[in-house]
Amino acid sequence: MKHTLYILTIVFGLWSCNNQVTEKKAERNLMDTLQTVSVGKQKQNIYIQDKSQYDQIFIQGLANYNEPIKLINNYILTDQDTTFFPNDLELNKKTTFRGINDSAKFTLTVTRTNLTNLNYDFQILDKNDKIVETKSGKAILGSMFFLASEVDEDDLTGNAYGSSEYSDKSNGCWLAIRIGIGLDDNGKQRATLSYNCEDENKKTIDLDEYPILRTE
């Protein structure tokens, strides 16, 4: 009789362990399914009227936003809020910004090609107008621009002003271009730049000390 009870105890213990393992697997499968559905639902919550107006990197960045988003014409609609895309730069028109300090001259030329992208050329020249640094590429508007504008300080007046940031990230480095919203007191557009690399040894452009660039 004792032998029979012992065998039954072992059998019940093994059944209980297997049942717990099965339940845990089922729970994990359910969580994976829910996560997949959640991700799929999140992607479906982004409506895009015309994909040609937005860089794919910009669209991918919107996946981090948990509310439905609609991209229509020149604005983005989130819940009940409507935010227009930056239009301080005319579409398909070159705009040149310049600045100078004690040791160098800075020239930035940008062209907005759609609602999110800027093609840019940037040069640093010495006092003798010799090019000491140059960089060109495509900069993309930050995906979360609609949450709040960036804030910069005018180096001539000390007043704060809003700006829109576009960035070019490649080879572990990123160049950020901020285009001022509106004009300064003299009717000029403003731009600022920053440049950083994950590996400081790759950093070739030094923008620690430079003036705000303005249109002529």
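Reply: Two strands are taken to pair if DSSP finds at least two bridges between them. The model discussed here is predicted.

By that criterion, strand E3, residues 75-78, pairs with E4 in the antiparallel sense, over four bridges. Within this pairing, leucine 77 has threonine 82 in E4 as its bridge partner. The pairing belongs to an open sheet of four strands, ordered E1-E2-E3-E4, in which the pairing is mixed. The edges are held by strand E1 (46-48) and strand E4 (81-84); each has a single partner strand, so one side of each is left without a neighbour in the sheet. From one strand to the next, the twist averages 15 degrees.

The remaining pairings can be taken in turn. E2 and E3 also pair in the antiparallel sense, over four bridges, and leucine 71 has isoleucine 76 in E3 as its bridge partner. The hairpin of E2 and E3 has two residues between the strands, and asparagine 73 there takes a positive phi near 50 degrees. E1 and strand E2 (residues 69-72), by contrast, run parallel and are joined by three bridges. Isoleucine 46 stands opposite isoleucine 69 in E2. Between E1 and E2 the chain passes through helix H2 (residues 56-61), and this β-α-β crossover is left-handed.

The torsion about the S-S bond of cysteine 173 and cysteine 197 is about 105 degrees, so the disulfide is right-handed. Both cysteine 173 and cysteine 197 are buried.

Strand E12, which spans residues 190-197, also contains threonine 192. Threonine 192 has a relative accessibility of 12% and therefore counts as buried, the cut-off being under 20%. Leaving aside residues up to four places away in sequence, threonine 192 touches Asp152, Tyr161, Ala176, Ile177, Arg178, Tyr210 and Ile212.

How values were computed. Residues are numbered from 1 along each chain as its sequence is written. This is a predicted model: local features need pLDDT of at least 70, side-chain atom pairs count only at pLDDT 80 or more; totals for chains, interfaces and linings use all residues. Side-chain values use heavy atoms; hydrogens and water are left out. Buried means under 20% relative accessible area, exposed over 50%, partly exposed in between (1.4 Å probe, protein chains only). Contact means heavy atoms within 4.5 Å. A disulfide is a pair of cysteine sulfur atoms within 2.5 Å. Axes are lines fitted to C-alpha atoms, for helices over the stretch in contact, and angles run from 0 to 180 degrees between N-to-C directions. A crossover is right-handed if, with the strands pointing away from the viewer, the path from the first strand over the helix to the second runs clockwise.
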